[in-house]
Amino acid sequence: MKIPFLDLKPIYQQLQFELDDAYQRVMESGWYILGEEVEQFEQKFAKYCGAKYCVGVGNGLEALHLTLKAYGIGSGDEVIVPANTYIATWLAVSYTGATPVPVEPDIQTYNIDPNHIEEAITKKTRAILPVHLYGQPADMGPILKIAAEYSLKVIEDSAQAHGASYYGKKTGNLGDAAGFSFYPGKNLGAYGDAGAVVTNNDGLADKVRTLRNYGSREKYFNEIKGYNSRLDPLQAAFLNVKLPYLDSWNKKRTEQAKLYRRLLTECIDISLPHVQDGFTPVWHQFVIRHPKRNQLKNFLEVQGIETLIHYPIPPHLSEAYKGSLDFLKSLTIAEKIATEVLSLPIGPHLSLTDIEYVVSKIKEFKK
């Protein structure tokens, strides 16, 4: 039996007629940069998040970068980031010329630990950039409280959390702004790179719109030094088709995660993801920890089960940041997580029977 970690074909097959129609509509329109398809998606996704504005951009990294730039964050500034995250979170800060200042995660949730944020704040700190990692919301209440006390911006990295909620309020509408990725493997994925900034701030939305389009509101009239980061209308058309299905796909992921958690509870060597009361994750990844992670991964591969590691190297240990953050101390929790985490298959392409098979093989490894 083969259990792929990710398979995007079933979603295309499910929505083939709608997606093909969207493709045909865009191609026949003769309009291939921004335009009506992008505007429609921006309106729909803003409403989905419960926010006023959505600004479509090239990808999730650029969504974060342009938001930071729009807030005037740059050289000499510091931005607090999770030590445990995909490197794009840090890169967005570095692209502005500011310095990412990592804070250790809570080892149960893998998200940034609010209890350690305040000690990382200096006179140079301008913002906190929490990540809703693996589709589980960060603990935003304490984060927002700290930010208010120190007059800091809170920018959510919501790249993995489409539809997740924190005490009934959706991610993307919890801080000052949020960056989303619609990379094909996301819960809401395009068929290429795509991203968006979501906010309730009129001025920020306007600034990001200008930055994404060469610093121009009107063609050939450039007000600021901007970028080329525009959501493609073809990708927007695909996202317009897929958005109405997002909640049902998230529900399926939730059912699979519930089954994983129930069947793996008795496996004492496995640390299961912890969900706090009031938090509603969307299970972009189902991540366990095991002291013999590499051996387990290899064993499952032999059984036809594909797994991935999110992530094998914390950003501070990557070659990209080697020697560039002189003040950096050892981040032992993030480093421990990187040696133990394993992402199991989850998603609309799988059935509950597939999940049961994966669990049965994990239990064989324990024997």
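Predicted model: local features only at pLDDT ≥ 70, side-chain atom pairs only at ≥ 80, totals over all residues.
**Entry 1**

I then looked up the rings of Phe-299 and Phe-365: the centres are 5.5 Å apart and the planes are at 50°, so I logged the pair as tilted. The pair links helix α10 (residues 293–302), which holds Phe-299, to helix α12 (residues 352–366), which holds Phe-365; the two residues are 66 apart in the chain.

**Entry 2: other rings**

I noted a count of 16 aromatic pairs. One of them is Tyr-166 with Phe-279, with ring centres 5.0 Å apart and planes at 80°, so it went down as edge-to-face. Tyr-166 lies in strand β6 (residues 165–166) and Phe-279 in strand β12 (residues 279–280), 113 residues apart. Tyr-166 is buried at 11% relative accessibility, and Phe-279 is buried at 7%.

I also recorded one aromatic cluster formed by Phe-41, Phe-45, Tyr-48, Phe-180 and Phe-182. Over the ring of Tyr-48 I found the charged end of Lys-170, 4.7 Å from the ring centre.

**Entry 3: Lys-242**

Is Lys-242 buried or exposed? I read a relative accessible area of 5%, so Lys-242 is buried. Lys-242 belongs to helix α8 (residues 233–242). Leaving out residues up to four places away in sequence, I listed its contacts, among them Ile-11, Leu-15, Tyr-191 and Trp-249. Gly-189 is also touched, and its backbone oxygen is reached by the Lys-242 side chain at 2.7 Å.

Definitions and conventions. Residues numbered from 1 in each chain as written. Heavy atoms only, no water. Helix = DSSP H or I, 4+ residues; strand = E, 2+ residues; numbered from the N terminus. Buried < 20%, exposed > 50% of the residue type's maximum accessible area, 1.4 Å probe, protein only. Contact = heavy atoms within 4.5 Å. Polar contact = N/O pair within 3.5 Å; in protein donor to acceptor, adjacent residues only side chain to side chain. Phe/Tyr/Trp six-rings, centres within 6.5 Å; stacked < 30°, edge-to-face > 60°. Lys NZ or Arg CZ within 6 Å of the ring centre and 35° of its normal.
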